[in-house]
Amino acid sequence: MWKKLWHKIKNWRLIYKVLAVNLLTLFVPLFTVGVVYCNQLCQNQLKQLEHEQKYILELSEKSVSGNVAEIELIAKIIGQSVYMDNFLGGSFEKNAEGFSNYWLFLNYLQSIAGSSNAINSLTIFYNNDSIPEHWGNMYRLDRLDRTIIAELFEDDNGGKWYFGKNFNLLGLDLQQLPKQFIEEEEFVYLLPLYSQAQETFYGYLKIGAAKSKLFSALSRDKKFRVQHKNGDILLDFVSKGKENYEKTIEFSTDLRALNSKMYLLADVSSLLKPEEYLTVVAIFILIFLVSSLFSLFIIRYLMKRFERVSHFMQKVSGGEFVLLEEDGRHDEAGDIVRVYNQMVHNIIGLQESIIQKERERKNAEINALRLQINPHFLYNILDVFCNRLEEVNQFELSNSLVILSRMLRYSTNWNGHSTVFEELNHLKNYIALQHLAYGEEVQMTVQCPAELMEVKLPKMCLQPIVENAIIHGKRKGKTISIKLNVRTEPNRFVLEINDDGCGIPQEQLKLLNDALINGVTSEQIDGRIHIGLHNINKRLKLEYNEEYGIIVESKENFYTRVLLTIPRWDGGEEI
């Protein structure tokens, strides 16, 4: 009996299986364990609240620590500044140059203070009596209460954060309004200032950090406080509005940068009560029953359209590419029809592209085979010429014929690929022959790391580019310098050929790059766009893809730069 029932269930249509699973996995558990589920949901909310508050504390701690580290770094930069050392350690002259240096130093301090949002004020207390004071930035050292400062630095002379009681600067009662050491709503960082040799004490650097900016990660609507390890309350936003909280939980984290602890108060009185969850679950069950009946009709209607797409996809798997008629709807089924049609179009286009590329590759192979003649008789004759020239002490011409023979062997041995090392050797031989025609007017340098010498690339890619540079870039009677640089980029190798020749006019440069990008042959554009660059670019794109090839940059009468790009390979796979 059970086997027959199970067999019938397995043969149900998909819509009935979906409905049955929904009923078993949602309706029955909700009906039987509703109360337990509600309690668990409340606990989950509490855990989520705890996670969120700890996350806020963690982010706030990182933000405050970052601001503190930034202020301490700025103080260290000023303390180690040669500019500060020269100014505080020198003698102030009451002349134009002295006052100019004075204002430049003040601007230097203000520009550094403006580089950080957390800095509220920046003041130097100095012991150089020749330097005049400036309200807000420059005060003599005797303005400080040395007893308080001595207590702060009794352990060591490193920078210290000061959270003690405020005090007035001595002798600065302006119209019965004394100047206080700590300005309103700020923390203070103090750093002793010494000469570069750490021999002379100059005074103290005081940086006032605005509390609101130092703790900018915590908005004012958050109930938090910051308490020093000695028990002092540095900031307190907990008491404000706490009476509006019925039930609270407090979370804390260490704030090591200020030797303090930060507390965050969270209100949990707004969490839903279990009886409210029971109402939600009951409503959900009712909606589920109604939606299950409604979804039955919708699924039956939609399945017809999906089955139609499935039928045509089976035809595609058999090699029959048939397009579906679109009904103009913008639902999921309509999207699937449109994606299916686009997929069929892409497959057809890809087939045509593969066929075209294969046809071009075969044509290239045929053309290469046509050029592969047996040149051994040329090599033998060149060897005879070399021997005869050496007999009459024409060693320079003999060496040139040897180089020419090597170039012929390299260019006629067409195996499709070469290494950077082999291409550079061929290029070296070519430049040696050019020296016969131009002497030292043709100069070439190569920069290539040793690890890139074995990089493979299509054969005969560099020499035609250098030849173009000499033929079209060299000015008559002038020296042309050609630089070849081989480097790596994140996903490709770049071979860059620069020359300082006459360059290319902008109109011709645009035609050249359009021809290289669009695959237009040189004869269709301009006589100056030679077939060599076009063939190299075409071979690169056929060998790899349209992303790689040749790009030409130039400024007339200044330079020409040719960038040849090929993909990087790692373990036989493209990066």
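Me: In which order do the strands of the open sheet of 5 strands follow one another, and what is their pairing?

Reply: The order is β13-β15-β16-β18-β17, and the pairing is mixed. The model is a predicted one. Neighbouring strands of this sheet are turned against each other by 15° on average, direction ignored.

Me: What makes β13 and β17 stand at the edges?

Reply: β13 (442-447) and β17 (549-555) each have a single partner strand, so one side of each is left without a neighbour in the sheet.

Me: Which helices lie across β13 and β15?

Reply: Helix α12 (residues 420-438) lies across β13 and β15 (480-489) and runs at about 165° to β13. Helix α13 (residues 463-473) lies across β13, β15, β16, β17 and β18, running at about 150° to β15.

Me: Why is the contact of Glu 496 with Arg 561 called a salt bridge?

Reply: The closest N and O atoms of Glu 496 and Arg 561 are 3.3 Å apart. The cut-off is a side-chain nitrogen of Lys or Arg within 4 Å of a carboxyl oxygen of Asp or Glu, so this pair qualifies. The pair links distant parts of the chain, with Glu 496 in strand β16 (residues 492-499) and Arg 561 in strand β18 (residues 559-567), 65 residues apart.

Me: Why is Glu 496 called buried, and what is Arg 561 called?

Reply: Glu 496 has a relative accessible area of 13%, which is under 20% and therefore buried. Arg 561 has 23% relative accessibility, which falls between the limits of 20% and 50%, so Arg 561 is partly exposed.

Me: Which residues are linked with Glu 496 and Arg 561 in a network of salt bridges?

Reply: The network links Arg 487, Glu 489, Arg 492, Glu 496, Glu 553 and Arg 561. One of its pairs is Arg 492 with Glu 489, whose side chains meet at 2.8 Å, N to O. Arg 492 is partly exposed at 26% relative accessible area, and Glu 489 is partly exposed at 23%. The whole structure holds 14 salt bridges.

Me: What makes the pair of Lys 206 and Glu 186 a salt bridge?

Reply: Their side chains meet at 3.6 Å, N to O, and this value is within 4 Å, so the pair qualifies. Lys 206 lies in strand β7 (residues 201-210) and Glu 186 in strand β6 (residues 186-194), 20 residues apart. Both Lys 206 and Glu 186 are buried.

Me: Why does Thr 123 count as buried, and what is it in contact with?

Reply: Thr 123, in strand β1 (residues 119-126), has 3% relative accessibility, and because this is under 20%, Thr 123 is buried. Leaving aside neighbours within four places in sequence, its contacts include Met 138, Tyr 204 and Lys 206. A polar atom of the Thr 123 side chain also lies 3.1 Å from the backbone oxygen of Gly 136.

Me: Which residues have the most contacts inside the largest nonpolar core?

Reply: They are Met 138, Phe 215 and Leu 258, in a core of 51 residues. Helix α3 (residues 34-79) gives the largest share of this core, 8 residues. A second, separate core of 40 residues includes Leu 424, Cys 448, Cys 461 and Tyr 548. Phe 215 touches several residues beyond four places away in sequence, among them Val 64, Phe 187 and Leu 258.

Conventions
Residues are numbered from 1 along each chain as its sequence is written. This is a predicted model: local features need pLDDT of at least 70, side-chain atom pairs count only at pLDDT 80 or more; totals for chains, interfaces and linings use all residues. Side-chain values use heavy atoms; hydrogens and water are left out. Helices (H or I, at least four residues) and strands (E, at least two) are DSSP runs, numbered from the N terminus. Buried means under 20% relative accessible area, exposed over 50%, partly exposed in between (1.4 Å probe, protein chains only). A polar contact is a pair of N or O atoms within 3.5 Å; within protein, one must be able to donate a hydrogen and the other to accept it, and residues adjacent in sequence count only if both atoms are side-chain atoms. Contact means heavy atoms within 4.5 Å. Two strands pair if DSSP finds at least two bridges between them. Axes are lines fitted to C-alpha atoms, for helices over the stretch in contact, and angles run from 0 to 180 degrees between N-to-C directions. A nonpolar core is a set of buried Ala, Val, Leu, Ile, Met, Phe, Trp, Tyr and Cys residues joined through side-chain atoms within 4.5 Å.
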